[in-house]
Amino acid sequence: MSAVPEEVDDSPYCCCSAATFQEILERQRANPLPFMELLMVHAGCGAGCGSCIGDLEAYLRSHDAYLED
Ligand code: FES
């Protein structure tokens, strides 16, 4: 057993990406991309319903991980 409690990922879930915003954020930090490209590469929003794009943008901005196109 680990002494460190697992970090809880309570960020919103994007069904179209099959990933949470936090997972998308981690991909973005590992390989930063402009937002439109991020939607295609790190997330499935570009080919998905698009309903969470505004929230995802706000989430990335609040974590200092948003790159202008
Ligand atoms: S739920 Fe994120 S784009 Fe559809």
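How far apart do the end C-alpha atoms of residues 14-61 lie, and how much of the span is helix and how much strand?

**View 1. The annotated span, residues 14-61.** In this predicted model, the end C-alpha atoms of residues 14-61 are 17 Å apart.

**View 2. The packing of helices α1 and α3.** Two packed helices are described by the angle between their axes and the distance between the axes. Helix α1 comprises residues 21-30 and helix α3 comprises residues 53-62. These two helices pack at an angle of about 55°, and their axes are 11 Å apart. Because of this angle, α1 is oblique to α3. The crossing of α1 and α3 is right-handed.

**View 3. The residues that join α1 to α3.** On the α1 side, the contact involves F21, I24, L25 and Q28. Their partners in α3 are L56, Y59 and L60. Sorted by class, the contact of α1 with α3 has six nonpolar residues, one polar residue and no charged residues.

**View 4. Residue R29 and its surroundings.** R29 is part of helix α1. R29 and H42 are 13 residues apart along the chain, and their C-alpha atoms are separated by 10 Å.

How values were computed: Residues numbered from 1 in each chain as written. Predicted model: local features only at pLDDT ≥ 70, side-chain atom pairs only at ≥ 80, totals over all residues. Axes fitted to C-alpha atoms, helices over the stretch in contact; angles between N-to-C directions. Helix = DSSP H or I, 4+ residues; strand = E, 2+ residues; numbered from the N terminus. Parallel < 35°, antiparallel > 145°, perpendicular 65-115°, else oblique. Left-handed = near helix turned anticlockwise from the far one by under 90°. Contact = placed C-beta atoms within 7 Å. Nonpolar A, V, L, I, M, F, W, Y, C, P; charged D, E, K, R; others polar. UniProt positions renumbered as here; feature names shortened; annotations may be inferred. Buried ≥ 20, exposed ≤ 12 C-beta atoms within 10 Å, placed from the backbone.
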